[in-house]
Amino acid sequence: LTFPLLSVTLLVSFGSSMLYGYNLAVVNSPAEHIKAFYNATWSQRYGQGLGRAPLTLLYALTVSIFALGGLGGSLLVGVLVERYGRNGALSRSALLVLLAGGCMGLSRELGSPEMVIIGRSITGIHSGGCTAPSSWLSPLQPFLGGWRRLCIPTGSVDIFICLGVFSAQVLGLPELLGKDRFWPLFLSVVVVPASLQLLLLHCFPESPRYLLIERNNVCGATKALQRFLGSPEVQDVIEEMREEQQSLSSMEMASVWQLLRERSLRWQTLSVAVLNAGMQLSGIDAIWFYTNTIFENAGIPVSQIPYTTMGTGAIEVVAGLIGCFTIERVGRRPLIITGFCAMGVCSAGITISLLLQAALPWMRYVSVACVVGIIAGFCMGPAGVPFLMTAELFTQSHRPAAYIVGGSLNWLCNFTVGFIFPFLQMSAGAFCYLVFCGVCLLVALYVYLVIPETKNKTFMEISHIFT
């Protein structure tokens, strides 16, 4: 990688993907402190505290509203990119994070739980825009054909998401920001990477592909390429992008409705829906959002829970690295089948360990091992493969619509799990994890029976296999 390309890659990943991971896990550690704040505020306003069910409802909304914001952000990103460019869209998203951080940081001082919920929804809008493939793949992969070798390895975005989760777990330790008086600061730490991204994005040129194909700015694209590549010889790349520009100008982009009605693509569309919905309904969001609660129910001593959680985060980063550097060697299909199977078995393992822990105290450690297995299985396959396969299952004319379908299902299922899991846990107890077990095993079976290996295959080859 040339230094400018590496720098902008790290900057965008740090301010977007890593921030997304941080927001997934940041509500886990201060859960009890936030609930206490909600209860105290309610008592001051109405003279009585919240019952268990209303308090759980309010906190579940706080956790899951992030995903609804993400859905809105993923649908708006196309408009922002078209109007302001990749850098401009990222800059405006970073401004949203500053607003969100201010809301959450001042919420306790102003006695307003609503500001926490609003702040979480705004961070979701940012994450939806910045983690959508149309937003983060374009600036990170501004080159075509052979020039893609200059970019970071496939799946590396997932590493930054894992690092974001891990950083939230580290900052949530009692020795750092895990105390009651620090939880507003803990939530508002998001302003740091957003501010850094906002300040430094102006130092880098716009995506060459965007400048040439969407703005027809040959001079700007040439200068940007020369800076990214560190070489004045960029004419071959310019010609390659011109060819793509001509092909795109004669191509009619399909709408979501047209994609859903296209009979020749129904199995590809169904596969994208199954992979993206299964990715979130697998239970990984329940693990990220409610890790401490899961470990508490498993009988782990309260004083050890933050460090146990941090340990799972470290393993998650290692698993993400393994998945990143093996996906091109092993292939998409084996990783995703193995990942979902591992998650399903470990979800069933949590149920068994919780049922037996009264008779066998050492079963609490089996619960921890199963949580680690779910996280490792997810990061090695289901975390990044669905986004990659969406690009490989469709031609350029149908790809944007496929991303909208997959992304919308992804965020909606994220919201569903985040909102329903506390109530599912209250009503079903240890058996709630069998729901995730069933989802994981069914998705793995679907992939085994229906989805072919897409590694090193053209779209026509993949389409023929589906047919």
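Buried means under 20% relative accessible area, exposed over 50%, and partly exposed in between, with a 1.4 Å probe and protein chains only as cover. This is a predicted model, in which local features need pLDDT of at least 70 and side-chain atom pairs count only at pLDDT 80 or more, while totals for chains, interfaces and linings use all residues. Residues are numbered from 1 along each chain as its sequence is written, and side-chain values use heavy atoms, with hydrogens and water left out.

Q: Why is E114 called partly exposed?
A: E114 has 37% relative accessibility. Partly exposed covers what lies between the buried and exposed limits, so E114 takes that label.

Q: What makes R45 and E114 a salt bridge?
A: A salt bridge is a side-chain nitrogen of Lys or Arg within 4 Å of a carboxyl oxygen of Asp or Glu. The closest N and O atoms of R45 and E114 are 2.8 Å apart, so the pair meets the rule. R45 lies in helix 2 and E114 in helix 4 (residues 113-131), so the bridge ties together parts 69 residues apart in sequence. Helices are DSSP runs of H or I with at least four residues, and strands are runs of E with at least two, numbered from the N terminus. R45 is partly exposed, at a relative accessible area of 39%.

Q: How many salt bridges does the structure hold?
A: The structure holds three. One of them joins E32 and K35, whose closest N and O atoms are 3.9 Å apart. Both residues lie in helix 2 (residues 31-46), three residues apart, about one turn of the helix.

Q: What makes E392 and R332 a salt bridge?
A: Their closest N and O atoms are 2.7 Å apart, and the limit is 4 Å, so the pair counts. E392 is in helix 19 (residues 385-393) and R332 in helix 17 (residues 332-356), 60 residues apart. R332 has 4% relative accessibility and counts as buried.

Q: How do you know that C346 is in no disulfide?
A: A disulfide is a pair of cysteine sulfur atoms within 2.5 Å. By this rule the count comes to zero disulfides. The cysteine sulfur nearest to that of C346 belongs to C370, 5.0 Å away. C346 is buried, with 16% relative accessibility, and C370 is buried at 9%.

Q: Why is D236 called exposed?
A: D236 has a relative accessible area of 63%. D236 is found in helix 11 (residues 235-249).

Q: Which residues form the negative surface patch with D236?
A: E233, E239 and E243 form the patch together with D236. Patches are made of residues with over 30% relative accessible area and no salt bridge, with like charges joined within 9 Å and nonpolar side chains (Val, Leu, Ile, Met, Phe, Trp, Tyr) within 5 Å. Asp and Glu count as negative, Lys and Arg as positive, and His and the chain ends are not counted.

Q: What makes up the nonpolar surface patch?
A: I352, L355, L356, L360, W362, Y365, F431 and L434 make a patch of about 790 Å². Helix 17 gives the most to the nonpolar patch, with three residues. W362 is found in the loop between helix 17 and helix 18 (363-380).

Methods: Areas by Shrake-Rupley, 256 points an atom, 1.4 Å probe, with all protein chains shown as cover. Charge placed at Lys NZ, Arg CZ, Asp CG, Glu CD.
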